[in-house]
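Take a look at the protein shown here. This report starts with the whole chain and then moves to its details.

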Amino acid sequence: MEDDSPATKTVKGAVTGLAAGTIWGTIVATWYDVPRVERHVALPGLVRTLKMCGSYGVTFAAVGGLYIGVEQIVLSQRKKRDFVNGAIGAFVSGATVYGYRGKSIKSALIGGSSLAFTSAILDVGGNTTRVDNGKAYHAYTTEKKPEPAH
């Protein structure tokens with residue numbers, strides 16, 4: 001998958017963010033009480049849940065897309081693959097999205113710095129969701145079981 005174009009990676013980041021944010025929005029919506037029934041709103045709990053799913057989904061998609069997009073731009077300009085690319089991408093995405101949502105410079109700086117710090121720590125520490133150790137894992141055993149001795 002390393003041969004994906006920067007645009008493809010950006011779209012994948014946004015779609016993954018949308019999916020994760022929608023799932024997280026559903027979880028958060030379950031923590032709140034069901035709103036009272038209003039006269040012109042059918043199924044108020046469902047409407048509120050869908051709004052929360054959409055809000056979290058769009059936010060996560062924006063963060064994911066901006067993060068990967070900026071990281072790819074920085075990578076192409078610097079010609080180096082290190083933790084700095086991710087930290088810059090994380091700062092820009094955090095500052096843009098959370099600054100817009102918080103409507104202040106302070107929230108932009110806090111959001112950007114928090115994501116940049118987290119990204120740098122994960123990249124420097126070598127943490128990743130994929131580790132290629134050369135082994136193939138199967139949901140079933142490929143070796144035959146020994147016959148029981150009678």
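**The whole chain**

This is a predicted model. The protein contains 4 helices and 0 strands. Along the sequence, the pattern reads α-α-α-α. The protein has 150 residues, and 28% of them count as buried. Its accessible surface comes to about 11300 Å². Carbon and sulfur atoms account for 64% of that surface. Now take the contacts between residues at least 6 apart in sequence: 55% of these join residues at least 24 apart.

**The annotated spans**

An unreviewed UniProt entry carries the annotation "transmembrane region". According to that record, it covers residues 13-32, 53-70 and 82-100. The table gives computed values for two of these spans.

| Span | Helix | Strand | Distance between end C-alpha atoms |
|---|---|---|---|
| Residues 13-32 | 90% helix | 0% strand | 29 Å |
| Residues 82-100 | 95% helix | 0% strand | 28 Å |

Helix α2 runs over residues 44-78. It has 35 residues. From first C-alpha to last, α2 reaches 50 Å. That is close to the 51 Å expected at 1.5 Å a residue. Just after α2 comes K79, with a positive phi of about 60°.

Helix α3 takes in residues 83-102. How do the axes of α2 and α3 cross? They come within 7 Å and cross at roughly 145°. The crossing is right-handed. On the α2 side, the residues that make the contact include S55, T59, A62, V63, L66 and Y67. V70, E71, V74, L75 and R78 of α2 also take part. On the α3 side, the contact residues include V84, N85, G86, I88, G89 and A90. V92, S93, T96, V97, Y98 and R101 of α3 belong to the contact too.

**A closer look at F60**

F60 lies in helix α2. Which residues does F60 touch, leaving out those up to four places away in sequence? They are G17, L18, A20, G21 and W24. F60 and T16 are 44 residues apart in sequence, yet their C-alpha atoms are 8.4 Å apart in space.

Why is F60 called partly exposed? Its relative accessible area is 29%. Buried means under 20% and exposed means over 50%, so a value in between counts as partly exposed.

Definitions and conventions: Residues are numbered from 1 along each chain as its sequence is written. This is a predicted model: local features need pLDDT of at least 70, side-chain atom pairs count only at pLDDT 80 or more; totals for chains, interfaces and linings use all residues. Side-chain values use heavy atoms; hydrogens and water are left out. UniProt positions are given in the numbering used here, feature names are shortened, and annotations may be inferred rather than shown by experiment. Helices (H or I, at least four residues) and strands (E, at least two) are DSSP runs, numbered from the N terminus. Buried means under 20% relative accessible area, exposed over 50%, partly exposed in between (1.4 Å probe, protein chains only). Contact means heavy atoms within 4.5 Å. Accessible areas come from the Shrake-Rupley method with a 1.4 Å probe; for residues, only the protein chains shown count as cover. The expected span of a helix is 1.5 Å times one less than its number of residues. Axes are lines fitted to C-alpha atoms, for helices over the stretch in contact, and angles run from 0 to 180 degrees between N-to-C directions. A crossing is left-handed if the near helix is turned anticlockwise from the far one by less than a right angle, and right-handed if clockwise.
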